[in-house]
Amino acid sequence: MNEIDIGFDLNVLRVFEALYEEGGATRAALRLSLTQSAVSAALGRLRKVYGDPLFTRTGRGLAPTLRAQELRPVIGEALNKCRESLALGTSPSARYQGRSVVLGLSDDFEIAMGPWLVQLLAQHAPGLRLAFRQTHSQIVAEMLMAREVDLAITAGGFATRWLSHQALGEGGYACVVDAPASRRKAPLRLTVEEYVARDHVLISSGGFIGVVDEVLAALGHKRRVVASTTHFAALPYLLKGTQAVATLPAHAAHAMARLCGLVVLPCPVAMPRYAVELGCRTDALRDSAVAQVQSVVAGQWGNLPSLAMG
């Protein structure tokens, strides 16, 4: 068997990582403080070593080939091990400088908790950067196993022996409506009849039926959903100037109300509570940066602002 040449410049692998994550030579060059010609030369070396184009040009930049997708977790883990070994010789305050951890969560969690998470990591792991990526309980296991995210916060979805997970707490639901011209006219609460009589906007990954409809059906009621969206961030724009109501996780309801002038109302029907969990691949915790984020989030979750989870 031929001996594999390991006298390979690790900076070339950093170029691979930057090209994969940034999706373009210009952005990769800026990230690494290199010229575009240096990035192109490194990509040429990579293509020769792996016998594959690795990245192909599209209308939106560079797209990884199947071979590059296979290489990504291997190269990423190798570089992280090198970073960890070098970090042993640095001060604790500089240990995570330039490192990034990809955190998967739905945009309701990102809207409500993103700022808190950024501040938390700035305090406990200075220099470490968070990259938020959209996920939810139906796809989170697949994204973790595909190494698209390092950690994830969702309402479940971690039921596989390859994933480690722990309960962070529970969440509830609240209603939001547009604020009238005079807040004094805002209702303090909605009756079930008023709630059902209003138009509803649904946030769902698909379809026009949600948990609210199941609860109402058990009570002999039915609501009228006039619009459905997959993004919580779109909700304020869909509610503004209407009498419609949206029922959503309480943490997102309060965050949107503070920023967008909406009114939070108690849900007039008893909604089930749900578990909020933090999950990751078991092997990911070998990376000290991932382990640090996991430890900080789990340890500080109880200090989350009291209104956030409802």
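**Overall architecture and helix packing**

Buried residues (under 20% relative accessible area, with exposed meaning over 50% and partly exposed in between, for a 1.4 Å probe and protein chains only) make up 43% of the 310 residues in the chain. The structure is a predicted model, in which local features need pLDDT of at least 70 and side-chain atom pairs count only at pLDDT 80 or more, while totals for chains, interfaces and linings use all residues. Residues are numbered from 1 along each chain as its sequence is written, and side-chain values use heavy atoms, with hydrogens and water left out.

The chain contains 11 helices and 12 strands, assigned as DSSP runs (H or I of at least four residues for helices, E of at least two for strands) and numbered from the N terminus. Of the contacts (heavy atoms within 4.5 Å) in the chain with a separation of 6 or more, 73% are accounted for by residues 24 or more positions apart. The chain exposes about 16,600 Å², of which carbon and sulfur atoms supply 54%; accessible areas come from the Shrake-Rupley method with a 1.4 Å probe.

Two packed helices are described by the angle between their axes and the distance between the axes. Axes are lines fitted to C-alpha atoms, for helices over the stretch in contact, and angles run from 0 to 180 degrees between N-to-C directions. The axes of helix 1 (residues 10-22) and helix 2 (residues 25-32) cross at roughly 125° and come within 8 Å. Helix 1 and helix 2 are therefore oblique to each other, the class left after roughly parallel (under 35 degrees), roughly antiparallel (over 145) and roughly perpendicular (65 to 115). In this pair, R14, V15, E17, A18, L19, E21 and E22 of helix 1 meet A25, R27, A28, R31 and L32 of helix 2. By class, this contact has six nonpolar, no polar and six charged residues, where Ala, Val, Leu, Ile, Met, Phe, Trp, Tyr, Cys and Pro count as nonpolar, Asp, Glu, Lys and Arg as charged, and the others, Gly among them, as polar.

F16 also lies in helix 1 and is buried, with a relative accessible area of 0%. Not counting residues up to four places away in sequence, F16 touches L46, L54, F55, A68, L71, R72 and I75. The C-alpha atoms of F16 and L71 are 9.5 Å apart, across 55 residues in sequence.

Helix 5 (residues 107-124) and helix 10 (residues 250-260) pack at an angle of about 55°, with their axes 8 Å apart. This pair is therefore also oblique. D108, F109, I111, A112 and M113 of helix 5 meet H251, A252, A255 and M256 of helix 10, a contact that divides into seven nonpolar, one polar and one charged residue.
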